[in-house]
Amino acid sequence: MKNYWKRHRTSLVFTIIFSVLISLSFITDFQPGISIGKDRFWVFLKEMILFLPLMFILIGLGDVWISKEKTEKHLGEQSGIKGMFVVIIMSMAQVGPLYGAFPVAYLLWKKGTSVRNIFIYLGAFCTIKIPMLTFEIGFLGWKFSLIRTLLSLPLIILIGILMERYFKNRKFEMFEG
Amino acid sequence: MKLLIFITITCLIISFIFNRQKTWIGIRKGLKMFLNLAPTILMVLAAVSILLYFLPNELIVKHLGENAGTAGYAIAALVGSFALIPGFIAYPLAGALVKSGVGYPVIAVFITTLMMVGILTLPIEIKFFGLKTSLLRNMLFLMASLIIGIITGIIYHL
């Protein structure tokens, strides 16, 4: 508990001051504060309050069940085009905001996924996840989505390759968050 | 969301059947990661809420619509890189922009930067990737999103 406070002091203090100010706004009927708290912060918080803990439980389960050898074989340095294909399909099936993909990327890295595939995973998550595509097609049309997807794919693969080159002689490291 | 709840419960049950102890370790590991990330996320969301009060969506849309040419692209890219708008709000917004006459290239740049670059979520990204890699990723993704956005918009018009 003491360690937790020490490690996250800045964010915790910021959040506590924010909460106090928002509460005071509600008490004193201060409209800007109420608007920030109710129409923005709460809307954001609602989106992730259930989503993130569930996702982290899945990540924890993945951590104990997914074998390192198999991940290395299918997604590691020697995985080639098949590995890229697997991470792209994986990311397409996901939902949620980009910051939800970072812990998954951490799990992938821990289990031996190559640098290239980690960044291809992030790129595909940003650009072609299916839940997002359905929205895009609905509001901007399939032609727009198709062109954007076809342009995105080669570029995110290129970024993956560039990242792999960059980290060839440097140490690539991820952290638990 | 319902699907996620369903998947999580199914995985938990299967995991429990195979190995009860391993499942508990997994749950504890996951929740520990979550608790370590929660303060940063709360801080980012609080900061974004304050910022968005002074820079509401309507204002953003107005500026995107009013500026043509290079300035339009620059504003679209800047707003897209900073904003934290979930897809289910961003796409209707983009659809409304199209109807109000904003060009497809500008909208494409806004959408691609919004999806690929996250300046305000950098504190979260740094916790997993470290400062240098996070900056590098955002820079490369920004370049890619500009290329994708501009070319998509142009091809769409052909």
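Chain B is divided into domain 1 (1-47) and domain 2 (55-157), with bounds that come from an automatic or database domain assignment. Bear in mind that this is a predicted model, in which local features need pLDDT of at least 70 and side-chain atom pairs count only at pLDDT 80 or more, while totals for chains, interfaces and linings use all residues. Residues are numbered from 1 along each chain as its sequence is written, chains are lettered from A in the order in which they are written, and side-chain values use heavy atoms, with hydrogens and water left out.

Let's stay with the two domains of chain B. Their centres, taken over C-alpha atoms, are separated by 31 Å. Seven residues from domain 1 of chain B and seven residues from domain 2 of chain B take part in the contact (heavy atoms within 4.5 Å). Together the two domains bury about 550 Å², 86% of it on carbon and sulfur atoms; buried area here is the accessible area (1.4 Å probe) that two parts lose on being put together, summed over both. On the domain 1 side, L37(B), T40(B) and V44(B) lose the most area, together 68% of what that side buries.

What about charge across this boundary? The count between domain 1 and domain 2 of chain B is zero salt bridges, a salt bridge being a side-chain nitrogen of Lys or Arg within 4 Å of a carboxyl oxygen of Asp or Glu.

Elsewhere, salt bridges do turn up: the count over all chains comes to seven. One of them pairs D63(A) with K111(A), whose closest N and O atoms are 3.5 Å apart. D63(A) lies in helix α4 (residues 51-65) of chain A and K111(A) in the loop between α7 (101-110) and α8 (115-128), so the pair ties together parts that are 48 residues apart in sequence. Helices are DSSP runs (H or I, at least four residues), numbered from the N terminus. D63(A) counts as buried at 12% relative accessibility, and K111(A) does so at 10%, where buried means under 20% relative accessible area (1.4 Å probe, protein chains only).

Another salt bridge joins the side chains of E136(A) and R148(A), at 2.8 Å from N to O. E136(A) sits in helix α9 (residues 130-140) of chain A and R148(A) in helix α10 (residues 142-166), twelve residues apart. E136(A) is buried, with a relative accessible area of 0%, and R148(A) is buried at 0%.

Back in chain B, E125(B) forms a salt bridge with R137(B), the closest N and O atoms being 2.4 Å apart. Both residues, E125(B) and R137(B), are buried.

Conventions:
Helix = DSSP H or I, 4+ residues; strand = E, 2+ residues; numbered from the N terminus. Buried < 20%, exposed > 50% of the residue type's maximum accessible area, 1.4 Å probe, protein only.
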